[in-house]
Every structure is written in structure tokens, then in C-alpha cells.
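Colleague: Could you take me through the aromatic rings in this protein? I would like a close look at how they pair up, please.

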Amino acid sequence: MDADPGDALRAALRAAAGHADAWLAGLAERPVRPAHGAAEVLARLDGRLPAGPSDPVAVVDALVEAVGGGLTATGSPRFFGYVVGGTLPAALAADLLAVVWDQNAALASLSPAASAAEAVAGRWVAELLGLPSGVSVGFTTGTQMAHVTALAAARQRVLADAGWDVAADGLTGAPPVRVLAGADRHATVDAALRLLGFGTRTTVEVATDALGRMRPDALRTALTATAATQRPTIVVAQAGEINTGAFDPLAEICALAHVHGAWVHVDGAFGLWAKVSASAPRRALVAGAELADSWATDGHKWLNVPYDCGIALVADRTAHRRAMSASADYFVLDSAGQLDPVDWTPEFSRRARALAVYAALRSLGRSGLRDLVDRCCDLADDAATRLAALPGVTVLNATGDRGGPGPLVALNQVLIRVDDPSPAVDRAHDPRPAARGDLLTRRVTAAVTAGGEAYVTGTVWRGRAAMRLSVSNWATTRREIDRAVAAIADAVAGPARPPRPRDADPHPGGVPL
Ligand SMILES: *Cc1c(COP(=O)(O)O)cnc(C)c1O
């Protein structure tokens, strides 16, 4: 007789729990960067496909042994790279249970639990973000697929308004759709447009200002040109630019776009959460977002649920469902037709990721989420203020309207540049201080992350190298900011002489997530 399969599962899970405990116990203090690179992990992990079975506990132990050195402590309160966020305790536990329960969230009949969690968590998210009640919600892998979901709904609606059902008749022969997006849109917008058959060359790029905000006058000009040809139009706006954290003027953009019958989609991967802030200036950044037609945001960034979780919200339920719904004769459908997640997402079978969102929001409550968001912003501002005092350091995303005691940076992103404070020293060798600053900035970025004290990432802003810090983790405190600022100060002071462009570049052109 075989043993109860539950026993084997429990044994494997206990082994995993031991490793999880060890990881979490060291999370706050371990070096944030991984010990090994991918090639080294590959060498440890690689081997022949096993000819036969192994003991599951031995497999778990061997896996941890092989990949352990290749883990980045992205959940560390000293991780400031990209825009990542950690994991709230309740969200971690709920997500583990989603795996243990192995729920398929495609249909309410198949997992009433997953479906109900999506309904409630989706409603709570919409309420917190101040979006119209009754928006339809799809839980996706991230903002990337939330864009695909929402822009598919947009495509459905603007073409339907032009007398074309793209769900049935496809894009071939359809009236051309004009897509307008800011010049500083996130790369995932382009990827979504590509997947949806719009391509990227046809996107009308709307000019942005110094911080990456779409310029309403440029949008007005572009829309007027669009109106002349009566084309179906989609405008993609942004709440939270990945480098600067800047917001497009959403109220103005929505008003302009709607005059022309355009659909407005908002990329608010992290920025939309500014809506919950206790600070009026921060809330003002996101003012008007509720006037848009669709929104994409992340659970796995600022909401601090585990990877992966994105959320698509759409005001036009009919277009959303028509764009996404799939059915089959063998489905047992929700009788009311609202609770089957398969109607609202591009996927069929999928995990129950809303359980973690529900747990995160239930554990924080409105005030806990507000405090998380404001703490991150306050800490980012503190970091920016102290970094600005270092020799050669410039904060590139300073708001510029700091008339009095207001913050230096508007949200949770800090974008800095390190220039050689004494560029005259090596003038004879190098007449290009900007290039030297690029190299210095990249070196400092690489040195900070290599040191393990803090994890920061590089980017290119307005043609020049820059370093980004994103404060997005619920557990980050003033202590971790102190350590990060100290590590950056050491790296800035570090090089005995300013690097010259002919030196090897340790970290060429980082591209942010
Ligand atoms: C992170 C981010 C994305 C992509 O989100 P994923 O969850 O990684 O797919 C899109 N837009 C902005 C502004 C982002 O910050």
C-alpha cells in the first residue's frame, strides 16, 4: 500500500519550511546582492536529467544547496533597486497557502475561494485607488499583462465605436487605431502594444517635460491632428515614471482626450498608490486618475505582496469581458456571469494570487497602507536630501517647486548623478567631464551594490548615466536609509582619482525594470 500522499507533501513542505525559516531569519542582515552570478549557479545546478526518481526532501535540500548562492535579497529592507517591494507577513503566508491549496482560479465553480478573493480584493483595490465603483478587475502576473488586458479592452471599445468588432473580425481590415503615449512611457507599454497588433512605430510620441511628465499642450496638438482623420484613439498616460516618480497631469489629459472620444489608459504600476497618502501634495499627484478608462498597477511592488501580481482595472466592463472572455463546453460557469476570473484576464488556468492581496489589505487596513506609502516617501526624501549634500552628487528628480520646507522628491524614487567635483584635475587627459560623470556614476552604482550593504541600480536619464533608489519595502526604516547613504558616501569618496573614460566600464547602461 502506498502511504498517504499528504504525508509525502508534508515532509517536503517541512523541509522547505526549515530553509524558509533560515532565509527569513537572515534577511535583514545578509548582503543584499547574491553571492554568485548566474554562470556559477548554473554550474552547480546543471547536470544530466535524472534517469529515475529521488526522495523529495533530498531534492529540496539539494536545490537549496545549488541555488542558495544565487538568491538576491529582494525582500531586504536595504534593497532599493528597480521598483520591487518586499513581502508583508500576511501576504507571504496567504501566498504559500495558495500554493499548498493548489487552487485553479479560472472559474468560480473550480475554486470558489480564489474567485471570491478576487472579487473582494479587486473591490478593495479600486476603492483605495479612488476608482469608480463597478470597475472590472483582472489579476495578472504584473503590470505588463495588466497593460495587455486593459489595452485589449481599449482596442475593443474604440473599434466598436467605429463599427468594428475586433474580437470577432480581428485587426486585418479594421479602421486604423491611433495610439498616443508619453515619450517617457515604460517599456511594458510598447511590449503590450506590440502584442496587441498595434506595433510600436505607429505610436504617436507625446513630448514630456524635464521630469518625464506628458505635456498637455503637446497632447492637444497631437489629438487635434487625430481628430482631423476621425480615428479611433487610445491615450496612454503614466502615474509614476520609473526613474523620477513623476506623474502626468492626469485630470488635464483625461479632459483633453475625452473631448476627442479617446480612451485613456493609466500606467500606475506603483504611482497610483499615492492616492492613499495622508499628504495632500502627494494625493494631488494622482488627481484625475479616476477620470481615465482603464488602469494598470502592481501588487508585487508597493503593496508588498510576493511575486507575481499585477492588477488591471477597467471602467467599461463590457469591453473588458469581450476582449478577455474565453469559454468551453466543459466549463461550469458562474450563473450570475460575474465571478469567473477567466472573463477578465488573458490567462486560462491560473494561480489564486488575490489571496495574498486580500491578506495584505486586511493586515494593513487603510491606515496601515497609508503609513507604508508615506513612510517610503518620507524616507526617500530623507535619502535624497542627504545624498544631495555629498560632493559631486545631484538629485536629478528634485521637484523644483521646493519653495519652503516641502519635500525634495515628490514620491518614493530618488534619481542621482555623481560628477567629479574637481573636473579641472584631469582636464589635460579628459576634456569631457560629462563622460567622466557617467563613468563615475556607474562605478559608484556598481560599487554600492557589490558591497552588499544596499542594492541600487543604474539607468540613463536624459542621455546621462544615473543611479536610482526606490524605497518600496514595508520594512525599510531610517536605519536602512542610514546604511544606504553611508555606503553611497563611501563609494563616492572611494576612488583615489576620478576615473577616466578609457577605464573599463563595470556597469554599462542599466535599463530599469
Ligand atoms: C514596474 C513597472 C511596469 C512593469 O510592471 P511589471 O509588474 O514588472 O510587469 C510598468 N510601468 C511602470 C511605471 C513600472 O514601474
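**A close look at the aromatic pairs**

Modeller: Happy to! Let us start with Tyr358, which has a relative accessibility of 26% and therefore counts as partly exposed, since that class runs between 20% and 50%. Its partner is Trp124: the two rings make a stacked aromatic pair, with 4.9 Å from centre to centre and 20° between the planes. Trp124 is also partly exposed, because its relative accessibility is 23%. What I like here is the span of the pair. Trp124 belongs to helix H5 (residues 112-128) and Tyr358 to helix H13 (residues 354-388), so the pair links parts of the chain that are distant, 234 residues apart.

Now for another pair, Tyr330 with Phe331, which is edge-to-face: the centres are 5.3 Å apart and the planes stand at 90°. Tyr330 counts as exposed because its relative accessibility is 63%, whereas Phe331, at 11%, counts as buried.

One more ring deserves a look. Trp461 has Arg462 over its face, at 4.1 Å from the ring centre.

Please keep in mind that this is a predicted model. The mean pLDDT of the protein is 93, with 92% of its residues at 70 or more. Residues 499-513 have a pLDDT below 50, and in the model this stretch has 42 contacts beyond near neighbours in sequence.

How values were computed: Residues numbered from 1 in each chain as written. Predicted model: local features only at pLDDT ≥ 70, side-chain atom pairs only at ≥ 80, totals over all residues. Heavy atoms only, no water. pLDDT = per-residue confidence, 0-100. Contact = heavy atoms within 4.5 Å. Phe/Tyr/Trp six-rings, centres within 6.5 Å; stacked < 30°, edge-to-face > 60°. Helix = DSSP H or I, 4+ residues; strand = E, 2+ residues; numbered from the N terminus. Buried < 20%, exposed > 50% of the residue type's maximum accessible area, 1.4 Å probe, protein only. Lys NZ or Arg CZ within 6 Å of the ring centre and 35° of its normal.
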